[in-house]
Amino acid sequence: MKRNCPYCGVRLKGKEMADHIYRAHQGGGAEFFCREGCVRCCTDRGAPLELLIEDVRRIVPALKTTYEDFFKDHAGILWSSIPGTRAFIPSIGLPFPCSFLKEGRCSIYEIRPLHCRLFPERLYVNPSPQELEPFYRAGYVCVDEGFTLKDGREEEIKRLMEEDQRRLVETADFFKNEDFIYELTPEEYEEAQRAFRKIDIRDPERNRKKREVIEGLIPEEVKERVKEAFLSRLKALG
Ligand code: SF4
Ligand code: SF4
Ligand SMILES: [Zn+2]
């Protein structure tokens, strides 16, 4: 199905559109720099940040807090769709707006999570339509203006992405996320699809609205049970 480019209106389909957007609008231009006054990637409730257990082990002692207080004060459970299924898997993350954002700046910049260090440059290492789509015209100033990676940065980002893969496995082993997969019924899944179709693909808040549809379909008791299970695993760390 053909769609209009969110930037120039040209009509293209699927992968062609992603290639067009990347080449014509988002790749090229100045080397990456974070735009003064933009805090979108720390505040977009549609794209919260997944934490690694290694991040938590680093941040908690540095803040001189407890694992329990860190979880209660800063973290939460994110539910992500498992592609091609009706199922959703929980993981630990930072709900947005991030509580570490103070007066427009990251208050834990030196020890920030790995996924914060990777964004947005990871999108520009082998850019794919699926990865880029949530960030088109969604308030991410650097993405909309386009940028290139600084010399040597691509290698560094690739190295961090490999580390991320290892750390994600370690994190899933620690929390046993797969034990808590929740599957929507076919009727609930259809309800979600209907709600998604009503969301305009040009709406800058589209990701938040989709997330709210899913979270509205997962029962509160399931969400509470998962929260307690993740918290008890963290408490075991001391
Ligand atoms: S979206 Fe881009 S410009 Fe905006 S805060 Fe994030 S990195 Fe900086
Ligand atoms: S930890 Fe810092 S960089 Fe990461 S989302 Fe929060 S404020 Fe932004
Ligand atoms: Zn275009």
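Let's start with helix α1, which spans residues 14-26 and has Met-17, Ala-18, His-20, Ile-21, His-25 and Gln-26 as its buried residues. These residues lie on the same side of α1, because the arc they cover around the axis is only 165°. Please keep in mind that this is a predicted model.

What does the buried side of α1 pack against? Its buried residues meet the strands β1 (2-4), β2 (11-13), β3 (27-31) and β9 (147-148), together with the helices α5 (129-132) and α6 (141-145). On the face turned away from the buried side, you will find the exposed residues Lys-15 and Arg-23. After α1 comes Gly-28, which has a positive phi, near 80°.

## The zinc site

Which atoms hold the zinc ion (ligand 3)? The protein donors are SG of Cys-5, SG of Cys-8, NE2 of His-20 and NE2 of His-25, at 2.1 to 2.3 Å from the ion. The angles subtended by these 4 donor atoms run from 102 to 117°, so the arrangement is tetrahedral.

Along the sequence, the donor residues follow the spacing C-x2-C-x11-H-x4-H. Distant parts of the chain are linked here: Cys-5 sits in the loop between β1 and β2, while His-25 belongs to helix α1, 20 residues apart. Both Cys-5 and His-25 are buried.

Around ligand 1 you can find Phe-32, Cys-34, Arg-35, Cys-38, Val-39, Cys-41, Pro-120, Tyr-140 and Cys-142. By class, this shell has 8 nonpolar residues, no polar ones and 1 charged.

## A look at Val-60

Our last stop is Val-60, a residue of helix α2 (residues 53-63). Is Val-60 buried or exposed? Its relative accessibility is 2%, so Val-60 counts as buried.

Leaving aside residues up to four places away in sequence, Val-60 touches Thr-65, Thr-66, Tyr-67 and Phe-70. Arg-86 is 26 residues from Val-60 in sequence, and their C-alpha atoms are 35 Å apart in space.

Note on methods. Residues are numbered from 1 along each chain as its sequence is written. Chains are lettered from A and ligands numbered from 1 in the order in which they are written. This is a predicted model: local features need pLDDT of at least 70, side-chain atom pairs count only at pLDDT 80 or more; totals for chains, interfaces and linings use all residues. Side-chain values use heavy atoms; hydrogens and water are left out. Buried means under 20% relative accessible area, exposed over 50%, partly exposed in between (1.4 Å probe, protein chains only). Helices (H or I, at least four residues) and strands (E, at least two) are DSSP runs, numbered from the N terminus. The arc is that of the directions from the helix axis to the C-beta atoms. Contact means heavy atoms within 4.5 Å. Donors are N, O and S atoms within 2.8 Å of the metal (3.2 Å for Na, K and Ca); water is not among the atoms, so sites may look incomplete. Four donors count as tetrahedral if all angles lie between 85 and 135 degrees; four count as square planar and six as octahedral if opposite donors are over 155 degrees apart and all others between 65 and 115; anything else is irregular. A residue is near a molecule or strand if one of its heavy atoms lies within 4 Å of it. Ala, Val, Leu, Ile, Met, Phe, Trp, Tyr, Cys and Pro count as nonpolar, Asp, Glu, Lys and Arg as charged, and the others, Gly among them, as polar.
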